[in-house]
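Trainee: I would like to learn how to read a structure like this one, feature by feature. Could we begin with what counts as a contact?

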Amino acid sequence: MKLILSFLLLCVSTVFSENVSSQIARVNIVANKLSVEEIIKQIEDQTDYLFVYSNEKVDLSHRVSLNASDISVINVLNRIFENSDIGYAIEGNNILLMKKDVLQQQKGKVLKGTVKDQSGEPVIGANVVVKGTTNGTVTDVDGNFTLEVSNTDVLQVSFIGYMTREVPVKNRNILNVNLIEDTKSLDEVVVVGYGTQKKVNLTGAVNVISNEDFENRQASTVSQLLQGAAPGFNFDIGTQDGFEPGATMNISIRGMGSLNGGSPYVVIDGFPGDLNNLNPEDIESVSVLKDAAASAIYGARAPYGVILVTTKKGKKNEKVSVSYTGNLIVKTAQKLPESLDSYTWTRILNEAGDNMGGHPFSNETIDRVIAYQKGDFEYIRNSIPDWPEGATIFGAMPEGNVWNNANLNYANTDWWDIYFGNSVNQKHDISLHGGTDKVSYYFSAGYMDDSSVLNYGTDYFKRMNTLGKISVAITDWWDFGYETRFAKKIREKPNMTNEGDYSFLYRHISRNYPITPLYDGFGNYMFESHIPSIEAGTDKQDDIDFWNNFRMELRPLKGWKINADFAYNVYNQEISEVEKYIYTYDVNNQPYENGISIPNNLTRKKYIKKYWTTNIYTSYDFDINEEHNFTILAGMQFERGDESWVQGYKTDLISEKVPSFPTATGDALLSEALAHNATESYFARLNYNYKEKYLFEANVRYDGSYVFRNGKRWGTFPSFSLGWNLYNESFWENIEPYVNTLKVRASWGQLGNQNISPYSDLELIPISADKLNWIFNYGSTRPVGYTSGPNLVNRNLTWETATTTNVGMDLSFLNNRLSATVDWFERRTIDMVGPSQAMPGVLGTSVPKE
């Protein structure tokens, strides 16, 4: 069988290499002056061997006579090629034929070598690969490697942070390679909206965060990991719950931009998403688009910046690789306040009381405080005439039939030490990736457990992630890709029943008296310790985020790409709030239900969001005389989402161990809400540079949003930016040793903001499912469900428009080892939707926004 010359590189061996199978394989040959090609055909017909050769290089027309039975293939080959210039090599079931001199040049050998850096230190883990093949290895701890090669091979030696070197093997048996640090990152490709650009050609304010910035940092969410990763980020928790397990942080870029929200637009692999649903181990890079020039391509979705996240993927011609990472994390509370002991605390409050007309603590109480700290419990027992029989734990003061809840107690409790301890958490990640010349793939799974440092109550966060990516080259000009991303999050925390929410827990700790005991006389938790409330009921939230993304790229002509993407997302959230009875004990050690927890109750909430979006865009790259470089992009985006909320509430649970609506006997209250959203957008971009010296970019986006009525629904948002790479000018040669690179840039752009409540311009009739507390007959039950009159609306609501001007420069020094970025910007927001002017109370209704 005849194949083109390129297939000859599949086999590299010795001229007369033999293997066991070739010696075993036997054939019957009948040849009376037959050509060698005809004899080869007989061997192929009788065995599994396939002959590989080039007609242009190997002449098989000469004739040979050979008649033999049950003869080995090796003997046949030796005899038909005797006294000829043709040699052979056997590799598996392939027999390679070529000129003997060429075969001798490709004779394999073992090459040994060492890879070092500029300072002569060994480079550990450097990749050493034969160019154009998957034959490779990595250097050991001494920088050494051993690899089977041929004299004609070229080795590619690479390592992160160093420039890749290509070294021909030639006749060498020992090879020493020195790698040079890759300090010039100007050829770095940066992910931008709907594509990539060389960093040297950027004219907008863009920061890039690599996955290396996430390594060796432990945090439960990506938003926490981004702290300190890029300038211009602002973070806040947004709630009073602090850094609870699984805490998420609100992010803004360059400050708050509007009363109606100033959060950046998060795009994950080309589609909107939630940073905190990602596994940090799956992130390849993060691009932060700060100014209008960089984010204008996303229009109304991105008036206050964009965060572009690119997840990891497999590479073509990559060996299968499996990696596992496990972390065991011990978490402790940060430095806690130091509490006063109970004696000092009571004396200080009494001294303060001297200025207010009385002491809050009597001398008898202070004497008991002193005795408690000394451990003189006999004195305490004798000083309390009505001390309950059988009570053996001191600190609480009996008062009638209950235990005192304020100033008569005498314990010495450090509540910070009581409440806070530590937790042991774990994180596990596994991934598999690889590829062939046509297919690449990446699959990963992760599990993270983040528990609270509180010693009491149920307080934890768990997240499970899976990611699957596969890309197929259907032809040389047609690629298809599929990505599936799944995240499941579980958060359960104490709800404190009716004593306050989760954030009140910390308020209670800081307000607790040191004289308040942890236990009553019988060892039951005191209600004032708030531990019974913490352990009574929980709020549990279960979120599932599931994405299916499809993408396709066509390349009909050189430089011309056509992209079509589609994504479908289902987001489910279930919340269960169980408020149980809080039991406290009287001085007779008898439990009773604390009134603050009556009645016990159950609330269930369910939220479902179904969302789809599609992007269709095309780009064309071309140049004129290799000096004028152009990129033109145009496209459209459509998206639609449907949301629904259902909530149920019921009191009087029969069994708190099985909280459910069927096991509750109280009245049921149900509520439901429905919503939808839709946008349609068209966008375009033009990039131009002259010899990578003078740069220009223009963007325009035409957005239509569902939140505005007809006539106000569409907005056009343009941007322009310029840049000048001074270091590419001839006059920079004398400056380059001191300032390696310098780029100045300026941009101007406008972006719209649609982050306002939908239906704000419609007279909606409010519907309530609650009981009506008026207008019902005497002795009858209150009717359930009613409507009220619509509020006033503003029919002139339209887009907020944020106009941003940015001037900046990028510099590098010390052979590009030190870089600096300086930006000045101004952002002005007009037509901001907000509170209207105050109206007289006789208006009788709320005032619409304007």
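Mentor: Contact means heavy atoms within 4.5 Å. Leaving aside its neighbours within four places in sequence, N207 is in contact with A230, P231, V286, S287, V288 and K290. Please keep in mind that this is a predicted model, in which local features need pLDDT of at least 70 and side-chain atom pairs count only at pLDDT 80 or more, while totals for chains, interfaces and linings use all residues. Residues are numbered from 1 along each chain as its sequence is written, and side-chain values use heavy atoms, with hydrogens and water left out.

Trainee: Where does N207 lie, and is N207 buried or exposed?

Mentor: N207 belongs to strand β15, residues 206-210, where helices (H or I, at least four residues) and strands (E, at least two) are DSSP runs numbered from the N terminus. Buried means under 20% relative accessible area, exposed over 50%, and partly exposed in between, with a 1.4 Å probe and protein chains only. N207, with a relative accessible area of 18%, is therefore buried.

Trainee: With which side chain does the side chain of N207 make a polar contact?

Mentor: A polar contact is a pair of N or O atoms within 3.5 Å; within protein, one must be able to donate a hydrogen and the other to accept it, and residues adjacent in sequence count only if both atoms are side-chain atoms. The side chain of N207 meets that of K290 in such a contact, at 2.4 Å. In the loop between β20 (283-289) and α6 (292-295) you will find D291, whose side chain has a polar contact of 2.8 Å with the side chain of S747.

Trainee: How should I read a salt bridge, and how many does the whole structure hold?

Mentor: A salt bridge is a side-chain nitrogen of Lys or Arg within 4 Å of a carboxyl oxygen of Asp or Glu, and a search of the whole structure finds 27 of them. One of these joins D70 and R26, with the closest N and O atoms 3.0 Å apart. Because D70 lies in strand β3 (residues 63-72) and R26 in strand β1 (residues 26-35), the pair ties together parts that are 44 residues apart in sequence. D70 is partly exposed at 47%, and R26 is partly exposed at 43%. Another salt bridge links R551 to E483, at 3.7 Å between the closest N and O atoms; here R551 is partly exposed at 26%, whereas E483 is buried at 2%.

Trainee: In what order do the strands of the open sheet stand?

Mentor: Strands of a sheet pair through backbone hydrogen bonds, either parallel or antiparallel, and two strands pair if DSSP finds at least two bridges between them. In this open sheet, 4 strands stand in the order β8-β7-β10-β11, with antiparallel pairing. The edge strands, β8 (136-138) and β11 (165-168), each pair on one side only. Strand β7 (residues 127-130) is joined to β8 by 3 bridges, and V128 has T137 in β8 as its bridge partner.

Trainee: Which backbone angles deserve a second look?

Mentor: Most residues other than glycine have a negative phi, and most peptide bonds are trans. K170, although not a glycine, has a positive phi of about 55 degrees, and K170 is exposed at 52% relative accessibility. D269 likewise has a positive phi, of about 50 degrees, but D269 is buried at 10%. Finally, the peptide bond from I598 to P599 is cis, with omega near -5 degrees.
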